[in-house]
Amino acid sequence: MSCKPLLHLDRVSRVFGSGAARVNALEDVDLRLDTGELALIIGPSGSGKTTLLMIAGAMLTASSGEVYLNDAPLSQLRARELARIRLLKIGFVFQSFNLFPALSALDNVALPASLAGMGVRKRRKRAAQVLDRLGLGERLRHLPEQLSAGEKQRVALGRALINDPPLLLADEPTANLDSVSGRNVLALFREIAADEGRAVLVVTHDARIIDSSDRVMHLVDGRLGGDGDWDKEPESAAAPEGTRDGEAAAPSGDQPRSFANGLATSAEDRIRRLPR
Ligand code: ADP
Ligand code: MG
């Protein structure tokens with residue numbers, strides 16, 4: 001058995017621009033994330049959250065340091081191998097969802113499976129299963145514009161999960177949701193980590209979504225503070241009751257169904273059956 005983390009950022013720094021416009025977006029970030037674990041990184045706007053997540057997701061390269069995914073150093077991989085990793089090993093939920101407006105919820109979710117070479121019947125069946133487990137079984141044919149923010153969020157999550165990735169990354173997943181929906185989304189992420197054995201990394205500026213049992217780090221000016229030294233907000237301030245405006249008015253499905261009975265085998269199995 002290996003003690004290696006699924007994801008390891010080893011002294012990662014990232015610089016943008018040069019001269020007077022130079023920005024040290026990340027400085028010496030160390031982070032380890034294990035299979036089955038959920039971690040939250042809290043930081044204000046401009047602290048480097050998106051940069052960190054893009055680097056962890058192999059969408060952006062580090063200026064120095066190394067990112068290891070399942071022990072493989074990403075800087076050593078060719079573009080084709082990185083593309084394959086992004087497609088099969090990493091699910092990414094973007095802050096603005098990035099759904100295709102002309103595609104139904106089902107086709108948005110099925111798209112990455114198509115890129116991975118899954119046949120049309122199989123991927124549509126699987127996409128329907130994923131959406132059903134996310135509580136959107138009645139919304140398969142809806143276009144993104146016909147969905148509430150919380151529903152769009154779950155379609156984006158379905159798309160991130162369709163290829164069964166061992167690592168799930170989410171950028172400000174609650175930014176466009178009211179506090180009740182935001183906490184539901186976090187509960188869903190916890191379930192995905194614990195029940196499906198995925199590693200889940202969430203970056204956010206929204207400290208209200210933290211639970212007392214969550215692993216929380218904080219990011220300030222590109223520097224990642226160690227686990228546990230983040231001052232969590234007291235429970236009473238965490239979820240203002242009665243915040244049921246806007247998004248909460250959406251049709252019932254906001255309580256996602258359990259993921260426990262699985263889309264997934266263990267993360268190790270998923271990694272093992274990846275094409276080399
Ligand atoms: P956050 O997601 O926490 O708001 P970002 O990771 O987006 O922070 O940005 C961190 C810092 O890096 C900011 O100062 C931002 O202006 C800068 N930055 C991010 N992306 C770029 C880029 N492509 N070019 C130049 N500066 C950038
Ligand atoms: Mg950001």
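## Strand residue V220

V220 touches G43, S47 and G225, leaving aside residues up to four places away in sequence; contact requires C-beta atoms, placed from the backbone, within 7 Å. V220 lies in strand β9 (residues 215-220), where strands are DSSP runs of E of at least two residues and helices are runs of H or I of at least four, numbered from the N terminus. With 12 C-beta neighbours inside 10 Å, V220 counts as exposed; the cut-offs are 12 or fewer for exposed, 20 or more for buried, and partly exposed in between. V220 and G48 are 172 residues apart in sequence, with a C-alpha to C-alpha distance of 7.9 Å.

## Basis of the model

The model is predicted; local features need pLDDT of at least 70 and side-chain atom pairs pLDDT 80 or more, whereas totals for chains, interfaces and linings use all residues. Residues are numbered from 1 along each chain as its sequence is written, and chains are lettered from A and ligands numbered from 1 in the order written.

## Helix α6

Helix α6 (residues 179-196) has 18 residues, which should span 26 Å at 1.5 Å a residue; its end C-alpha atoms are 25 Å apart, in agreement. The expected span is 1.5 Å times one less than the number of residues.

Buried residues of α6 include L186, F189 and I192. Among the elements covering the buried residues of α6 are β3 (38-42), α5, β7 (167-171) and β8 (199-204). After α6 comes G197, with a positive phi near 65°.

Conventions: Two residues are in contact if their C-beta atoms, placed from the backbone, lie within 7 Å.
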